[in-house]
Amino acid sequence: MKILVLGSKGQLGRCLRDQLCRTKNKVVYASRNEIDIGDLLNTQKIIRELKPEVIVNAAAYTAVDIAEVELWWFVVFSLVEKAVQPLL
């Protein structure tokens with residue numbers, strides 16, 4: 001199975017790498033440098049090119065104090081949903 005892990009350099013992404021390396025799955029790890037989930041069109045393009053069977057969104061916004069007053073991070077996660085939806 002081909003798996004795409006977004007947010008691979010974060011805490012959850014690193015934990016997933018530790019676990020998924022023990023499987024026979026082909027895993028593509030992408031940090032923000034490889035796939036910026038805030039860029040809807042580029043995210044869709046890369047997902048189409050990679051053709052993963054599973055996408056794990058482990059991207060996170062860890063500045064909790066700022067996240068409480070800024071809603072833009074919610075918008076970014078909504079963009080990920082919109083990027084993936086046409087591919088289903």
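S31 sits in the loop between β2 (26–30) and α2. S31 counts as buried, at 4% relative accessibility, where buried means under 20% relative accessible area, exposed over 50%, and partly exposed in between (1.4 Å probe, protein chains only). Leaving aside residues up to four places away in sequence, S31 touches S8 and K9; contact means heavy atoms within 4.5 Å.

This is a predicted model, in which local features need pLDDT of at least 70 and side-chain atom pairs count only at pLDDT 80 or more, while totals for chains, interfaces and linings use all residues. Residues are numbered from 1 along each chain as its sequence is written, and side-chain values use heavy atoms, with hydrogens and water left out.

**Sheet**

- Three strands form an open sheet in the order β2-β1-β3, with parallel pairing; strands (E, at least two residues) and helices (H or I, at least four) are DSSP runs, numbered from the N terminus.
- β2 and β3 (54–57) stand at the edges with a single partner strand each, so one side of each has no neighbour in the sheet.
- Direction ignored, neighbouring strands of this sheet are turned by 15° against each other on average.
- Strand β1 (residues 2–6) pairs with β3 in the parallel sense over four bridges; two strands pair if DSSP finds at least two bridges between them.
- L4 has I55 as its bridge partner in β3.

**Helix α1**

- α1 packs on the sheet and touches β1, β2 and β3, and its direction makes about 160° with that of β2.
- Axes here are lines fitted to C-alpha atoms, for helices over the stretch in contact, and angles run from 0 to 180 degrees between N-to-C directions.
- C15 belongs to helix α1 (residues 11–20) and is partly exposed, with a relative accessible area of 42%.
- C15 and A58 are 43 residues apart in sequence, and their C-alpha atoms are 9.9 Å apart in space.

**Helix α2**

- T43, Q44, I46 and I47 are the buried residues of α2.
- These residues cover an arc of only 165° around the axis, which puts them on the same side of α2; the arc is that of the directions from the helix axis to the C-beta atoms.
- On the face turned away from the buried side, α2 carries the exposed residues L41 and E49.
- K51 follows α2 and has a positive phi, near 50°.

**Salt bridge**

- The count comes to one salt bridge, defined as a side-chain nitrogen of Lys or Arg within 4 Å of a carboxyl oxygen of Asp or Glu.
- E49 forms a salt bridge with K45, and the closest N and O atoms are 3.2 Å apart.
- Both E49 and K45 lie in helix α2 (residues 40–50), four residues apart, about one turn of the helix.
- E49 is exposed at 52% relative accessible area, whereas K45 is partly exposed at 45%.
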